[in-house]
Structure formats: C-alpha cells, structure tokens
Amino acid sequence: MGEYLTSCPACGREFEADEEMRVATLEYGCPICAATLTPAAFTPH
Ligand SMILES: [Zn+2]
C-alpha cells in the first residue's frame, strides 16, 4: 500500500507512507518521535 519506505534517522524506525502521509510527515515530522524528516528520508518503492 505504501508508496514510500521511510527511514527516520532520529529513532531508526522504518514505516511505509503514501503520498498524503509523506506530505504530512514532511510538515509535522516523524509520527514516532516527531523529528524533522527531509525528502531524502523517503525512498519510492
Ligand atoms: Zn523518528
């Protein structure tokens, strides 16, 4: 389902994100630890 595999450099958690979640995560940060993520943290798959 996820369009991107996201790896958070702060907490090390990996999760899948679709486009909507990717935008929200870039705006609000990691859903686990709230660290700021850059577009580079998202790998399309
Ligand atoms: Zn995190």
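What follows is a short chat about a predicted model of one protein chain.

Me: What elements does the protein chain have, helix and strands?
Reply: The protein chain holds 1 helix and 3 strands. This is a predicted model, to be read as such.

Me: What pattern do they follow along the sequence?
Reply: The pattern is β-β-α-β.

Me: And in the sheet, what is the strand order?
Reply: The order is β2-β1-β3, in an open sheet with antiparallel pairing. From one strand to the next the twist averages 30°.

Me: How many bridges join β1 to β2?
Reply: There are 4 bridges between β1, which covers residues 4–7, and the antiparallel β2.

Me: Which residues in β2 do T6 and S7 stand opposite?
Reply: T6 is opposite F15, and S7 is opposite E14.

Me: What about the hairpin, how many residues lie between the strands?
Reply: The hairpin of β1 and β2 has 6 residues between its strands. G12 takes a positive phi there, near 80°.

Me: Changing topic to the helix. Which strands does α1 lie across?
Reply: α1, residues 19–28, lies across β1, β2 and β3. Its direction is at about 125° to β2.

Me: How many of its residues are buried?
Reply: Of the 10 residues of α1, 1 is buried, so the helix lies largely in the open.

Me: What follows α1?
Reply: G29 comes after α1, and its phi is positive, near 100°.

Me: Which residues make up the largest nonpolar core?
Reply: That core has 5 residues in all: C8, A17, L37, A41 and F42.

Me: What is A41 in contact with, leaving aside neighbours within four places in sequence?
Reply: On that basis, A41 is in contact with T6, S7, C8 and P9. T6 itself is in strand β1.

Me: Back to T6 then. What else does T6 touch, not counting residues up to four places away?
Reply: T6 touches E14, F15, A17, T25, A41 and F42. A17, A41 and F42 also belong to the largest nonpolar core. T6 also has A40 at 9.0 Å between C-alpha atoms, with 34 residues separating them along the chain.

Me: Why does T6 count as partly exposed?
Reply: T6 has 19 C-beta neighbours inside 10 Å, and a residue is buried at 20 or more, exposed at 12 or fewer and partly exposed in between. T6 therefore counts as partly exposed.

Me: Where is the place of G2?
Reply: G2 is in the segment before β1. G2 is partly exposed too, with 15 other C-beta atoms within 10 Å.

Me: What is G2 in contact with, setting aside neighbours within four places in sequence?
Reply: With those set aside, G2 is in contact with E16, A17 and D18. G2 and F15 are 8.5 Å apart, C-alpha to C-alpha, and 13 residues apart in sequence.

Me: For the whole protein chain, what percentage of residues is buried?
Reply: Buried residues make up 13% of the 45 residues.

Me: And what share of contacts with a separation of 6 or more comes from residues 24 or more positions apart?
Reply: Those residues account for 36% of such contacts in the protein chain.

Me: Last one, what does the C-alpha trace span?
Reply: The C-alpha trace spans about 25 × 20 × 15 Å along its principal axes.

Notes: Residues numbered from 1 in each chain as written. Predicted model: local features only at pLDDT ≥ 70, side-chain atom pairs only at ≥ 80, totals over all residues. Pairing = 2+ DSSP bridges. Helix = DSSP H or I, 4+ residues; strand = E, 2+ residues; numbered from the N terminus. Axes fitted to C-alpha atoms, helices over the stretch in contact; angles between N-to-C directions. Contact = placed C-beta atoms within 7 Å. Core = buried A, V, L, I, M, F, W, Y, C linked by C-beta atoms within 7 Å.
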